Amino acid sequence: MHTRGQQASGSSPRGPMGISKFQRLYPTKNSASRATDRRSTSRNNSPEPPVSRSTKMRSATKSRGIYTSSPSRRPNPSNVSLSRAGHLDASAKIIVGVDYGTTFTSISYHILSDEDDHTRVFPHEVGVISEWPHDGFDGSKMHIPTETWYSSVPKIRGRPVGQFELSNSDSESTSSDDEDLRASRSSSSDSGQGGDDLARFFWGYEVPYKKYVELAPRSEHRRIEHVKSMLLRAEYAHDDQREIRPRIDRLIAEKIIRKFGTTDVPKSQDAQDLITDFLVPVLRHTRHQLIKHEGLTDQCSISFVLTVPLIWDATSLRILQTAMEAAIRETKFGTLRHGSVDNLFIISEPEAAATYLLGTSDDMLAGETFTVLDCGGGTVDGTTYMVTNSYPLSLGAEVGQPGGDNCGASYLNKNYANLLLERLAEETYLEDNGRTLEAIVQGTIFTFENFVKRSIDVTKNLSGRVKIDGLRGDRQRGLVGAAAKGFEDNVLILSPADYAAIFLPLLKRVAKVLEGQLEGAMMKGQQVKRVYLIGGFGAAPSLRSYLKNFLVQYAKKVNLSYPIQLILSNKKTCVTAVSSGSVLRGANLDGGPVREAYSSYGFLRNELYDPEQFMGHRNAETFIDPCDGEQYVKVIHYFIHHGAVLPPMHTYRPLKSVHAFPIDSERLLCDEYLYVNDKPTASSYPLDHEYNNGARIVGKLVSDMTFLRDDRLIRRRAPRLDADGMKQGMAHYVVTFDLVAIIECRNLRYEARYPANNSGKVQKTDQVCIAAAFKPGTG
């Protein structure tokens, strides 16, 4: 079979959620109407909006000409219709927000009924998934460690989603969906209960417990954390990447994960299986919790919102998007159309957090500028926004440049471990029965991680005690004065100086990120009077005290006439603000950025060689079509161009597709390949041209047109005669149809229609999600 393509006559618009059960923290008077085991859904404990604050509104209006409007209705999470069996009606729509973090992941959700489509959703109406397995706190944790630990048992997987090979063989012309149905991830489907530990897949809270408490005898190179750093193109992520890359390469060599791409060159996309393998049990747990507590049924519609760092490029966005699609497909949790996630919405993490914070504020006015400091376990990100609309409050563009650093709370663990190793360096007598000093120190990290660093305030010059079995105290060894090591029998004493060495280097770097935001705003003539502190690290007393003092000193240093207030959230809000804010934003997609494409999309074409008409054909490698004997060039014809502003709904002019088959072909299978390129490019250039560097296949449409021959709708064509009367090519069949691309919000559907010439019937349809092709926040 051979494919030819003709360009269309026109082109696109262009331009260059606990405790043992959920808690509803703010129940409404109608909440008893839910079934008993569902009446306590974990909700964000933000204050319920007042019914009226018209006095304040009038005052604000009079003094500034703008006002912060109160909500038009009292929120009622129980207005979602339930069936008699206690299940959600099929009309219910669930928005699920996924904050896939470097060290922790949070999932929030909200249930909409048909009547809610055009009403405002409030923060206290957003539920948070909890009851995470093995959390050690009776299920009260509202986030899950983004960690996995593979066994040595290889996984059985299908072809990577979105990765196809070009082929002229009919036998290889199979759809990706067929491959995915045959794919199996036996270990990732493990729920974490029972089974042989040597063969099980550990995820979430089970990983640190197995490592630090049980000291599980499993290879360290298969323990994966900080995977998200592989998608971050920033200098401060290089240390993490250098640590993770060798583990990825080992897992690929052991056939535990797959290599992406057609070369052996390391790619960020090689982290895709690692992300999917974590998201699979996360989504499966989320689905079970919604069934248990909310009456979820398979008839309910699920839509997802993904949060991403503001500085990610389109390639990183697409890797996370594709990993999410694979997890949805495997768990059967979510809406898929033609094998693709339906209208996935992507939002930046700072915008999601800011949306949540605006929803909880009752005194912020349009025109104010504020900074969001998101301090997680891996990265610390600072972003400054201006409030624009007064009702509802909404965000303008970022003020200045967003900033960040890899100085999150997880690096406290490294500083702590290094300090203990340094202090225990001479205590080699502790190493017995195969225990090393490193293993002894690792055994203390679980307590430091879960208790010490979450409660201590190092600015108060406190001391601490670390239990080290077998440690000989100073008194026992007669060590006094300068020779004393700060040891008691079985106890290592951490002095205020020790805590300073652990915490201060990171606290200073966090303050540096914040300072960058404040200075950037001042350079734009804006006054930042509020800094919102969120993220897991944002709940740490040490960081809170340090930043409060920093802001006081900063105001003095630059002679500010006003104080800068550090706005603190409760611990639960700190860790769920991003995922919950994404749900609020996902319930109202209005007001996003212009729909400018950050990627180009096009179809593979075989164009008749014509170097005079097509510049891309010059110096291009050509080939002879065995059917008609003509000379062709394999190129990409782009219909969505990088920089183009795309309407929400748009049908592109048909692209005529011509396929030739030898008369002895068993089936007439017509393959169409959809490419994406994350940079400006041009059509009619060969695959190996620099314009197509980085272009990769993201979709494949296989249309079986055998019926045309069997029903005698097409006739065989004889070999053509050249100028000398010589036969060129062979007897063959030609199939011609229209290839039509259709944009539907954040989906790209493409269809094979026969017959051609705008009058054809749809023969085959495929679809890809193009959310990653837009700036996060685009509706």
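This is a predicted model: local features need pLDDT of at least 70, side-chain atom pairs count only at pLDDT 80 or more; totals for chains, interfaces and linings use all residues.
Where does Lys 332 lie? Lys 332 sits in the loop between helix H6 (314-331) and strand S10 (336-337). Phi of Lys 332 is near 60°, a positive value in a residue other than glycine. Most residues other than glycine have a negative phi. Is Lys 332 buried or exposed? Lys 332 counts as exposed, because its relative accessibility is 67% and the cut-off for exposed is over 50%.

A second residue shows a positive phi. His 226 is not a glycine, yet its phi is about 60°. His 226 is found in the loop between strand S8 (223-225) and H4. Its setting is buried: His 226 has 5% relative accessibility, and buried means under 20%.

The backbone has another feature to check. Most peptide bonds are trans. The bond from Tyr 754 to Pro 755 is cis, with omega near 0°. Pro 755 is found in the loop between strand S33 (747-754) and strand S34 (761-769).

Now turn to charge. Side chains of opposite charge can pair when their charged atoms come close. How many salt bridges does the structure hold? The structure holds 45 salt bridges. Several deserve a look.

Start with Asp 270. Its side chain meets that of Arg 245 in a salt bridge, 2.9 Å from N to O. The pair links distant parts of the chain, 25 residues apart. Arg 245 is in helix H4 (238-253). Asp 270 is in the loop between helix H4 and helix H5 (272-294). Both Asp 270 and Arg 245 are buried.

Asp 270 also takes part in a salt bridge with Lys 259, at 3.2 Å from N to O. Here both partners are in the loop between H4 and H5, eleven residues apart.

Lys 485 is partly exposed, with a relative accessible area of 26%. Glu 427 is buried, because its relative accessible area is 0%.

Some salt bridges share partners. Arg 337, Asp 342, Glu 744, Arg 749, Glu 751 and Arg 753 are joined in this way into one network.

Finish with a polar contact between two serines. Which residue does Ser 108 touch through its side chain? A polar contact of 3.0 Å joins the side chains of Ser 108 and Ser 580. Ser 108 is placed in strand S3 (residues 104-112). With 0% relative accessibility, Ser 108 counts as buried.

Key
Residues are numbered from 1 along each chain as its sequence is written. Side-chain values use heavy atoms; hydrogens and water are left out. A salt bridge is a side-chain nitrogen of Lys or Arg within 4 Å of a carboxyl oxygen of Asp or Glu. Helices (H or I, at least four residues) and strands (E, at least two) are DSSP runs, numbered from the N terminus. Buried means under 20% relative accessible area, exposed over 50%, partly exposed in between (1.4 Å probe, protein chains only). A polar contact is a pair of N or O atoms within 3.5 Å; within protein, one must be able to donate a hydrogen and the other to accept it, and residues adjacent in sequence count only if both atoms are side-chain atoms.
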